[in-house]
Amino acid sequence: MERETVLKLDNVTMQFGGLVAVGDFDMNLEDGELVGLIGPNGAGKTTVFNVITGIYTPTKGKVIFRGIDITGLPPHYITHLGIARTFQNIRLFGDMTVMENVLVSQHHKLEERHADKILQKHGFEPKVVGKGWFWKSILKLGYFEMERRMIREAEELLEKVELSDLAYEKASALPYGMQRKLEIARALATEPKLLLLDEPAAGMNPHETEELMEFIKKIRDDFNLTILLIEHDMKVVMGICERIVVMDYGRIISKGTPAEVRNDPKVVEAYLGDGSYA
Amino acid sequence: MRMTLPIFLQNLANGILLGGLYALIAIGYSMVYGILRLINFAHGDVFMMGTYFAFYGVTLFLLPWWLAFVVAIIGAGILGFLIDRIAYKPLRNAPRISSLITAIGMSIFLESLAVVIFGGIPKSFAPPRIYPKFFSKMLQIGSVRVQILTFFILGITALLIIFLIWFVYKTKIGMAMRAISTDIATTALMGVNVDLVIGITFAIGSALAGAGGILWAMKYPNVNPYMGFMPGLKAFIAAVIGGIGSIQGAMLGGFLLGMIEIMLVAFLPRFAGYRDIFAFIILIIILMYKPSGILGAKLEEKV
Amino acid sequence: MITVLYRKLPTRMKVFLTIIFVLFMILMLFLAQKKLDTYWIRILTLIGIYGIMAVSLTFINGITGIFSLGHSGFIAIGAYTSALLTMSIQQKQMSFFLKPLIWPLNSIQLDFLSATIIAGVMAAILAYLIGYPSLRLTGDYLAITTLGFSEIVRILILNMISVTNGPLGLKGLEEYTNIWWPWGWLLVTVLVIGSLVSSSYGRALKAIREDPIAAKAMGINVTKHQLTAFVVGAFFAGISGSLYAHWLTTIDPRPQTVGILLTFNILIMIVLGGLGSITGALFGAAIFAILSEWLRIVETPFKLFGIQIPAISGMRLLVLSTIFIIVMLTWRRGIMGRSELTWDSIYNFFLRLRRKQ
């Protein structure tokens, strides 16, 4: 069966001054895929994420998401269109509760009318519900209903990811593993089609890593996601990814199934040359 | 007024003079910002305090003027050291905005302390009561007449800046300062007494501000508790223009700002009342388009 | 199994309680006006005005995390706008003897309510014009830029003599600000800003404060939300400026009246109350109003242990700034920290008390 191409990176180059962080990068992600992006430190993996999510505008090339050219769009547009991410160093809203962290991710559905037009133009379901929420929330006209609906959706999500018990805890008070999970939950609350995970297993013990792998597979099926994953823990990458893309010095040096990549001499050289994964 | 060559040269001299004073104050801002990423709002008030020290050194303790000035500069340095110890050191690990708020509080504290102790009425810092009349003599150079004071101020400014550059680049403590400004945690691990070095940075920056204040008062002979506010802000702007965190940048920014201000007023006297606005407009433009200033290193947050 | 320890009251109940509370406050103010002397009426009026200033600044600084030092600029715009609109035409002709007032200001006079609303709108427009370019700056750069803007406003007021009467200021304003105007506007301020903060918009603003980059990645238009908060805060600052001017009955461009010292005073209030809490800002404003009025004693001659102490000018600010620094060093969270005193939190407080027994 022919699968829809969810994300297409076409010849993307990202330069900072003279430094080429990512060069001539091509990648296709198909619907429902779970793909790993690996490479030594400083290979430009996170830069790829930043280009996809609009934090950087690529110097050259195109980013196409479900047929929509999203190159150079601001991050909040891209999130509304359906790409969500987590961060390498956890970036939760520490002073807010778990529930509030998730609710923040629904806010764009009240606001992003411009991004919504792009969605509609390309024949997708609109996500914005009604308009004038700013005034409605001040005057409390029809706002309580909206608030209840958002809380209900947040509760359902927290139920699915098994964080309900911690809903009213401060995010910064959660144990490390739970914070990682909450970051994923918060990304899911934006209702993405594509999820970008930046080193989700960093700092976890083997047992937690094991659980995380199950969790990632589970959310992909439950939420119908396509997932792109940066990870240093080879057990995770080899264990759950169907395809792997290997980067070094901003370029793709190898791609294929876990078995193919593992046996590629260029990959071995990149890691050994780097010295840190010998 | 027609702009003739002598008038232009006259303004040029004034521009260099004002610029040098801004540079002296700006260096202190820049050094502290370079190390702690803190806008030390109290810096302008140390400038004011230093001037008062000199004033009372002469009038109350009857010291010879030069000794009073040296004592006042040392006093300003000690004051800066104490401000850091009391108000900023306890907040090193707090959010940066907390130190900023405390710095604003410190600034108001010093101003009101000056009002309480020294009184709110401006005092005259004019010769011969404070310093010899010799300095206000005019020198005729070609068709330009320049006060001896101008040369004195420029000379002292140059000496202090040379001393500072020697200190930062040629001494162990200077090296530690530069190390701290790159990476405070690693420098501490290297066995450097970070708190002491930060304290010395404050002391030196404040001593320069004190010297700046005294020279400022020699030029504009009026000492009052709020005299530090505007020069302080301007010097900060100068530091930003040059690239905050860089000593050369602070000097460049100071001279540029002083020159621009004097020249604008000279060429467009209609707008003299708006003089203080120019500085802020320059600041805003610089921050919009080149926030790292002319000589500053680019700082970007890693995502 | 962890039980959910935080319970919420039904919305209807909260609305009901709020109405009761407002009615109660009206009654109290009514009684105060009947029974209290002018000293306390003065303090109550000041609490109302300061309350609006503090809540609007904490909305910008504490909740959205835009560290603005430009509040006095917005207050000044509000004060001058409404003063120029409410002054009688004869009064204007008398005051502007340096240069005549320009048209159309020289031939209009409005009622206090309209003038106050226009004052707020003018401040909001200014905030939009300032915020649009400068909000891409962060942290201390933004602080110094907004401080610069408020100084620019002050210098413009000083120099635009045909609009503002320059250094002479505007004198002889009608004393419209009684106890009801400030408290009425305070109620509006708290309801509007409180509604925003407790809504999805408030969560978005707090998210921006915590981590702007993460907020962007979660679909929030950071610049637009910051700008909105800045404009809303400035609107109420403008309102407070109008009330302030018609309470002082005179307004001039000295730093003490509409300069950095005013911003500093408001900063003391919100830091004391807890940066990021609306109820905290209200407590801070009340404490500040009482304390600063009481400290006027030290600026008049007084007796301490039988010794005559002469008037010390500047003492008030010295004490206030000392308190401020001590609060920052030892008690940074202030009275409320970032939490709010809400019906829910009061309810939960009593629930916890009962559980302990």
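**View 1. A salt bridge across the contact of chain C and chain A.** In this predicted model, the side chains of A:R91 and C:D211 come together in a salt bridge, with 2.7 Å from N to O. Between chain C and chain A the count of salt bridges is five, and 14 residue pairs, both at pLDDT 80 or more, are in polar contact.

**View 2. The side of chain C that touches chain A.** Four elements of chain C each give two or more residues to this side, namely α8 (180-197), α9 (200-210), α10 (212-217) and α11 (222-248), and α9(C) gives the most, with eight residues. Sorted by class, this side of chain C holds 15 nonpolar, nine polar and eight charged residues.

**View 3. The extent of the contact.** The contact draws 32 residues from chain C and 35 residues from chain A, and the area buried between the two chains is about 3100 Å², with carbon and sulfur atoms giving 64%. In chain C, the residues that lose the most area to chain A are C:Y201, C:R203 and C:M218, which together account for 25% of what that side buries.

**View 4. The open sheet of chain A.** Six strands of chain A, in the order β6-β7-β8-β3-β9-β10, form an open sheet with mixed pairing. Because β6 (83-85) and β10 (251-256) of chain A stand at the edges with a single partner strand each, one side of each has no neighbour in the sheet. From one strand to the next, the twist averages 20 degrees.

**View 5. Strand pairing and a packed helix in chain A.** Strands β3 (residues 34-38) and β9 (residues 243-248) of chain A pair in the parallel sense over four bridges, and A:V35 has A:R243 in β9(A) as its bridge partner. Helix α9 (residues 206-223) of chain A packs on the sheet and touches β3, β7 (194-198) and β8 (226-230) of chain A, its direction making about 155 degrees with that of β8(A).

Key
Residues are numbered from 1 along each chain as its sequence is written. Chains are lettered from A and ligands numbered from 1 in the order in which they are written. This is a predicted model: local features need pLDDT of at least 70, side-chain atom pairs count only at pLDDT 80 or more; totals for chains, interfaces and linings use all residues. Side-chain values use heavy atoms; hydrogens and water are left out. Contact means heavy atoms within 4.5 Å. Buried area is the accessible area (1.4 Å probe) that two parts lose on being put together, summed over both. A salt bridge is a side-chain nitrogen of Lys or Arg within 4 Å of a carboxyl oxygen of Asp or Glu. A polar contact is a pair of N or O atoms within 3.5 Å; within protein, one must be able to donate a hydrogen and the other to accept it, and residues adjacent in sequence count only if both atoms are side-chain atoms. Ala, Val, Leu, Ile, Met, Phe, Trp, Tyr, Cys and Pro count as nonpolar, Asp, Glu, Lys and Arg as charged, and the others, Gly among them, as polar. Two strands pair if DSSP finds at least two bridges between them. Axes are lines fitted to C-alpha atoms, for helices over the stretch in contact, and angles run from 0 to 180 degrees between N-to-C directions.
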